[in-house]
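Colleague: I have a model open and a few things to ask about its side chains. Can you take me through them?

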Amino acid sequence: MTTAIIKPQWSPLTIALMVLGFIIFWPLGLAVLGYILWGEKFGGSSEKAQAYWNKGRDWCAPNRHRHHGWHNHRRYGMSSSGNAAFDDYRAEQLKRLDEERARLDAEIEAFHEYMANLNKAKDREEFDRFMNERRGSRQGYDQPRSDNGDQNNNGWGSNND
């Protein structure tokens, strides 16, 4: 049972407050809309609201810490099962998975390095081909042509009419 004066539901009062909130200051109207839509999930208690907020924050958290450090299972919300043998087995399996993940991460890193070296070699090959073609076209330019016996004009400005 909630003791709130304004219930989180669609009623003429909440709609009027929402519209008035948007007119006065738009974040206020947005807050009223949020209260109408999600107010029941909080249940009128600050503990439920905090639990709901933490759940959403954990869901949005980045994955960088979710897979590393599984051996510290209390950190990730895994408590003791009450059976020591099972807890030892679980810790051993999580350690094995950590080692497997580390091995796979090393393989990924080696593959990225291999691809980078392959791309560098391909780029070097293309650059060398370009430079060879460019040098090849320049070599003919430096040497004088023998057009109509004229050695000095290189084909430019020939006035032989």
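Modeller: Start with the rings: searching the whole structure gives one aromatic pair. Rings of Phe, Tyr and Trp (its six-membered ring) count as a pair if their centres lie within 6.5 Å; planes under 30 degrees apart are stacked, over 60 edge-to-face, and the rest tilted.

Colleague: Which residues form the aromatic pair, and at what angle between the planes?

Modeller: Phe-86 and Tyr-89, in a tilted arrangement with 40 degrees between the planes and 6.4 Å centre to centre. This is a predicted model, where local features need pLDDT of at least 70 and side-chain atom pairs count only at pLDDT 80 or more, while totals for chains, interfaces and linings use all residues. Residues are numbered from 1 along each chain as its sequence is written, and side-chain values use heavy atoms, with hydrogens and water left out.

Colleague: How many residues apart are Phe-86 and Tyr-89 in helix 4?

Modeller: Three, so about one helical turn separates them. Helices are DSSP runs (H or I, at least four residues), as strands are (E, at least two), numbered from the N terminus.

Colleague: Switching to charges. How many salt bridges are there in the whole structure?

Modeller: Five. The criterion is a side-chain nitrogen of Lys or Arg within 4 Å of a carboxyl oxygen of Asp or Glu. One of them joins Arg-90 to Asp-87, with the closest N and O atoms 3.2 Å apart.

Colleague: Where do Arg-90 and Asp-87 lie?

Modeller: Both are in helix 4 (residues 84-142), three residues apart, about one turn. Arg-90 is buried at 17% relative accessible area, and Asp-87 is buried at 13%.

Colleague: What about Arg-103 and Glu-107?

Modeller: Their side chains form a salt bridge at 2.4 Å, N to O. Arg-103 is partly exposed at 40%, as is Glu-107 at 43%. Glu-100 belongs to the picture too: Glu-100, Arg-103 and Glu-107 are linked in a network of salt bridges.

Colleague: And how far apart are Arg-124 and Asp-128?

Modeller: The salt bridge between their side chains is 3.6 Å, N to O. Both sit in helix 4, four residues apart, about one turn.

Colleague: New topic: helix 1. Which of its residues are buried?

Modeller: Thr-14, Met-18 and Gly-21. Down the axis of helix 1 they fall within an arc of 65 degrees, so they line one face of the helix; the arc is that of the directions from the helix axis to the C-beta atoms.

Colleague: Which exposed residues are on the face turned away from that buried side?

Modeller: Pro-12, Ile-23 and Ile-24.

Colleague: Which residues make the nonpolar surface patch?

Modeller: Trp-10, Ile-15, Val-19, Leu-20, Ile-23, Ile-24, Phe-25, Leu-28, Leu-37, Trp-38 and Tyr-52, over about 1100 Å². Patch residues have over 30% relative accessible area and no salt bridge; like charges are joined within 9 Å, and nonpolar side chains (Val, Leu, Ile, Met, Phe, Trp, Tyr) within 5 Å. Areas come from the Shrake-Rupley method with a 1.4 Å probe, and for residues only the protein chains shown count as cover.

Colleague: Which helix gives the most to the patch?

Modeller: Helix 1, with five residues. Helix 1 (12-24) and helix 2 (26-42) each supply at least two.

Definitions and conventions. Buried < 20%, exposed > 50% of the residue type's maximum accessible area, 1.4 Å probe, protein only.
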